[in-house]
Amino acid sequence: MMKKKLWGGRFSKATDALVDDFNSSIRFDSRMYKEDIEGSVAHAGMLGRCGIIPAEDATLIQKTLREILQDIEDGKVTFLVDAEDIHMNVETLLISRIGDVGKRLHTGRSRNDQVALDLRLYLRHACDEVRALIKELMETLLTLAKEHVATIMPGYTHLQKAQPVTLAHHLLAYFEMLKRDDKRLSECRARINVMPLGSGALAGTTYPLDRAYVAEQLGFDAVTNNSLDGVSDRDFAIEFCADLSLLMMHLSRFCEELILWSSHEFSFVEMDDAYSTGSSIMPQKKNPDVAELIRGKTGRVYGDLNTLLVMMKGLPLAYNKDMQEDKEAIFDALDTVLLCLPVFTKMISTMRVRRDVMLKGAKGGFANATDVADYLVKKGVPFRDSHAIVGNMVAKAISLSKNLDDFTIEEFKECSPLIEEDIYEAISMETCVGDRAVKGGPAPERVQQEIADGLRYIQTL
C-alpha cells in the first residue's frame, strides 16, 4: 500500500524512490531543526491565542514540540528521507505522538513561509556567531599592533617598496577592513530580522493570524509587508554570503602577504610550528599551509555566492523549488568562514616577527626617496622639480650600488646644493615614519590613537 505524503491527497501514485531522494533536503536542512521547532512553537501559541485552534491543543503541540527538540538533541531521532525536509520530519514526528491534534499545527502557514522563517532565524544566529569570531580577530590585531608600534617595515605599491610604515600601521589596515565586515554583518542582520510567517504559500491566509505576536515571540523587529516577497525573497541570504565573501577576501589578502613574508626572500615573519607543515620529500621545508588553505577556501565562498546569484536570477514570483538549493551554498559558506576565522586568529597570534629584517627591508629599495623630495620642497623647490632631482639621485645611487642613506654630503650636494647635513636625520627611517603624523598616518602617536579608537569600537560590540 502506498505510503501517503502529508501533501499527497490528490496523488494516486507514490513518488519514485529516486525522486524521494532527489527531492529531499533533509540531509542538509536538518541543521535547522531548532529554528523550525522554535518557529512552530510560536506559531502554535498564536493559533491558540487567536482561537484559530483550541487553546489546549496549542499547549499540547508546544509541549510535544519541545520534547521532540530534546529528543533530537539527545540523538534519539532519525530523520526520514521520504519525509523530504526538516519541516515535514518534525510535523511527522508530532503527528505520530499526538495524532490528529498535531495535524492542526500547519493551519495558516505553508512550507514556503516556514522555510523562509527558519532560514532567517538560522542566519540571524549565524551573523552573531561570525561577528563574535571577527571580534576575537580584531582584538588579536590590536594586541599585535601595540607590540609593533615602533617596528618599521617597508610599505609597498605594485609589490615594489614604496615608503616606510610600521607593522602596527599595516595590521591596523586589516582592522579597518574587519570593522567594515562587522558593520556589514550587523546591517545584514537587521535586514534578516524581518518575519515572513503569515505569507502562506504566496497569498497570505484567510485565518486571522496575529503576525506581530509571533514576531515578538521570536524576537523579530518587524513583519514582511508583501506575501509574495515574503516567500520569494532571498536577498538577505545573498547579502549574508556577499558579506562572508568580502570577509574571506580580507583574510585571503592578509594570507597572501603572510605567505610572502614567511618566504626566505622576505623572512619578515616565521609561522609557528603548530601552524605550519612540512614536505613529504624535502626535509628543510616549512610550509605556510594554513594561510594557503584560507586563501584557497576564499574561492569556495565566492562560488557559494555565485550559486545563489545564478539560482535567483531567472526565478519568477513566488516560491520555486530551485530555492531549495540556497541552503547548501549558504551553509557551506558559513561553515568555511567558521573554520577559517579561528585558525587564522591563532596563526597570526603565534607567528614570530623579525623586526631586524623588516627594518633592513625598509632601508633598502629607496623607500625614503619621497622624503628627500619633501626635504627639498621645504627648502623652496617646487615639488615637480624636487621629484626630478630625486629621480636622478636614485638613478645615481643605483649606478653606485648605494642606498640614499649611504650618500656622502658631497654626493648629495652634486644633486642639489640646497642639501645640508640635516638630510641624514630627515630621511632616517624613524623620521620618515614619525613625521607622517597626519590623521591616518603611521606616526607612532597616530597609531596609538588608532589602537585606542579600535579598543573603544570593540567595547561597543
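Predicted model: local features only at pLDDT ≥ 70, side-chain atom pairs only at ≥ 80, totals over all residues.
1. Contact here means heavy atoms within 4.5 Å. By that test, and leaving aside neighbours within four places in sequence, F344 is in contact with L137, L251, F254, C255, L258 and I294.

2. Overall build. The protein has 19 helices and six strands. Its radius of gyration is 31 Å, well over the 23 Å that the globule rule gives for 461 residues, so the protein is more spread out than a compact globule. Along the principal axes, the C-alpha atoms fill a box of roughly 100 × 50 × 40 Å.

3. Burial and surface. Of the 461 residues, 50% count as buried.

4. Contacts along the chain. Take the contacts between residues at least 6 apart in sequence. Of these, 75% join residues at least 24 apart.

5. Charge. The protein carries 56 positive and 70 negative charges.

6. The largest nonpolar core. In soluble globular proteins, nonpolar side chains tend to be buried together. Here the largest nonpolar core holds 76 residues. L123, F240, F344 and M347 touch the most other members. Helices α6 (111-147), α7 (167-192), α10 (235-261), α11 (289-312), α12 (326-350), α13 (355-363) and α19 (444-459) each supply at least two residues of this core. The largest share, 15 residues, comes from α6.

7. Another core. Apart from the 76-residue core lies another, of 33 residues. Its members include I98, L105, L117 and F220.

8. Helix α14. This helix spans residues 369-378. Its buried residues are A369, D371, V372, A373, Y375 and L376. They pack against α15 (383-400), α17 (423-426) and α18 (429-434). Just after α14, G380 takes a positive phi of about 105 degrees.

9. E84 has a phi near 80 degrees and lies in the loop between α4 (55-73) and α5 (86-98). S401 has a phi of about 55 degrees and is found in the loop between α15 and α16 (409-415). Buried or exposed? E84 counts as buried, at 4% relative accessibility. S401 counts as exposed, at 70%. The cut-offs are under 20% for buried and over 50% for exposed. Check the backbone at both places in the model.

10. A cis peptide bond. The bond from L317 to A318 is cis, with omega near 5 degrees. A318 has its place in the loop between α11 and α12.

11. K363. This lysine lies in helix α13. K363 is partly exposed, with a relative accessible area of 40%. Which residues does K363 touch, not counting those up to four places away in sequence? The contacts are N403, D405 and M429. K363 and F268 are 95 residues apart in sequence. In space they are 14 Å apart, C-alpha to C-alpha.

Methods: Residues numbered from 1 in each chain as written. Heavy atoms only, no water. Buried < 20%, exposed > 50% of the residue type's maximum accessible area, 1.4 Å probe, protein only. Helix = DSSP H or I, 4+ residues; strand = E, 2+ residues; numbered from the N terminus. Core = buried A, V, L, I, M, F, W, Y, C linked by side-chain atoms within 4.5 Å. Rg over C-alpha atoms; globule rule 2.2 N^0.38 Å. Lys, Arg positive; Asp, Glu negative; His and termini not counted. Charge placed at Lys NZ, Arg CZ, Asp CG, Glu CD.
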